[in-house]
Amino acid sequence: MFGPGVVKLTSRCPTWWGLTALNYHYESQCISTPLAWYAHQLPEWFQKLSVVGTYLIEIPVPFLFFSPIRNLKMFAFWLQVIFQLAIILTGNYNFFNLLTITLCISLLDDEDLGYSRQGKRLQGLQKLVVRLTSLLVYGLLIYWTVHYFNLSINWPQSRVDSQINFSEEEFQSFVHGSVVTGMWIGSISLACVILAAIWRSLVCVPGVFGKVWSVLQVIIFTLVAVYMFCISLPSLTQVDRDAYQNLAPIVHEWHGKSDFLQLSHSYGLFRRMTGVGGRPEVVIEGSNNLTAGWKPYEFKYKPGDISAVPAVVAPHQPRLDWQMWFAALGSSRQNPWFISLIYRLLTNQEEVLDLIDHNPFQSLHQSLSEQSYTIIISLLGAKIQRTGGEEKKWKHTLAL
């Protein structure tokens, strides 16, 4: 969560720095949901405030995952769950958000999961210290949010005004300190868990054989956990060059050897906001007659007819429709698979046509002669259609 929050600002995207990213997000994302239309209609001040909330949930709140205080950990848990549910309601991102919620379940304890065993109750001074610490953390989060995003209530217009109140240099310094702090917090947290597990194995497990077997299991899991922690550090530190370069060479070596397994990864969703000036959309059309005009291939989920209601797809992942969104953001050189798609449509390959909602030449393909087949190949092309402006031909027109 920390990485996606940071890269939104380190990318220097003007919409993220201007808190206007959500003005474009709901209509420019890959596959919108019906509720995305309503979210897009919300007033601009609320959209800006939502961006502020995104920064709050993605950047400082994840550090509370490591909090030894239960209510702070639960606060972080519920913020993440609500955030992921909001994304699910307004966008189709297959099972990504469900996986994030699943990871957050690790923040819960036995009492939260409905077990009868009650947690240790704090008494006296301990209870007071926990409450004061919690209030201090909540107060700092509120103060920093108000200060660094210059929040103010505009009573005459009944809105909350906001704007970023820090420089790029100040944020970069913050990122460096946060990455280093995060590595130390992670290291200490992992060490405490390991020591506690060894202590329980030696004290709570009966019998010599039971103790030895339990400690052996702890050692095996410790080796795996330490290895996983180390190979995750390059992914974490990619947002800060100095911290990345200062990692031990053995950590880079381990990460390099296991990288093909994708055990860890730096995730930077929507590093730069798309659709600022109109959403580009690739439209595939074909013709078998020079004067009859062009007929479009309709996709199942990819936006085509702008009057159609968006679909609810998640957790299904319509890979072709998803990739068509990326194709519209680049050129045919950056998406060589697109040439193969055109070829498969021309050759009427059943497995590919099953991914298409409507094939305008289905009856023609069934009785196609070699001569007319050549005509379709020569006339089939692709263009980009912008919802916010006039149609423009793709400079890499695919006339084969």
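**Cysteines, salt bridges and a helix**

Mentor: Let us begin with a cysteine, Cys230, which is buried, with a relative accessible area of 14%. Please keep in mind throughout that this is a predicted model.

Trainee: And Cys104, is that one buried or exposed?
Mentor: Cys104 is buried, with a relative accessible area of 6%.

Trainee: How many disulfides does the structure hold?
Mentor: The structure holds zero disulfides. As a reminder of the term, a disulfide is a covalent bond between the sulfur atoms of two cysteines.

Trainee: Okay, stepping back, how many helices and strands does the protein have?
Mentor: There are 17 helices and eight strands in the protein.

Trainee: And what share of the residues is buried?
Mentor: Of the 400 residues in the protein, 37% are buried. As for the surface, the protein exposes about 23700 Å², and 63% of that is supplied by carbon and sulfur atoms.

Trainee: What about contacts along the chain, how many join residues at least 24 apart?
Mentor: If you take the contacts between residues at least 6 apart in sequence, 68% of them join residues at least 24 apart.

Trainee: New topic: how many salt bridges are there?
Mentor: The count comes to seven salt bridges. One of them is formed by Arg12 with Glu168, where the closest N and O atoms are 2.6 Å apart. That pair links distant parts of the chain, since Arg12 sits in the loop between α1 (2–10) and α2 (14–17) while Glu168 belongs to helix α9 (residues 168–203), 156 residues apart.

Trainee: Which of those two is exposed, and which is partly exposed?
Mentor: Arg12 is exposed, at a relative accessible area of 58%, whereas Glu168 is partly exposed, at 29%.

Trainee: What does Arg70 pair with?
Mentor: Arg70 forms a salt bridge with Asp109, and their closest N and O atoms are 3.0 Å apart. Arg70 lies in helix α6 (residues 70–90) and Asp109 in the loop between α7 (96–104) and α8 (124–148), so this pair ties together parts that are 39 residues apart in sequence. Arg70 is partly exposed, with a relative accessible area of 39%, and Asp109 is partly exposed too, with 29%.

Trainee: And where do Lys257 and Glu253 lie?
Mentor: Both lie in helix α12 (residues 249–258), four residues apart, which is about one turn of the helix. Lys257 counts as exposed at 58% relative accessibility, while Glu253 is partly exposed at 40%.

Trainee: Which residues are linked in a network of salt bridges?
Mentor: Arg279, Glu281 and Lys302 are linked in that way.

Trainee: Which residues in α9 are buried?
Mentor: Among them are Phe171, Val175, Val179, Met183 and Ile194, and the buried residues also include Gly182 and Gly186.

Trainee: What do those buried residues of α9 pack against?
Mentor: The buried residues of α9 pack against α1, α2, α10 (208–237) and α11 (241–245).

Definitions and conventions. Residues numbered from 1 in each chain as written. Predicted model: local features only at pLDDT ≥ 70, side-chain atom pairs only at ≥ 80, totals over all residues. Heavy atoms only, no water. Helix = DSSP H or I, 4+ residues; strand = E, 2+ residues; numbered from the N terminus. Buried < 20%, exposed > 50% of the residue type's maximum accessible area, 1.4 Å probe, protein only. Contact = heavy atoms within 4.5 Å. Areas by Shrake-Rupley, 256 points an atom, 1.4 Å probe, with all protein chains shown as cover. Salt bridge = Lys/Arg side-chain N within 4 Å of Asp/Glu carboxyl O. Disulfide = S-S within 2.5 Å.
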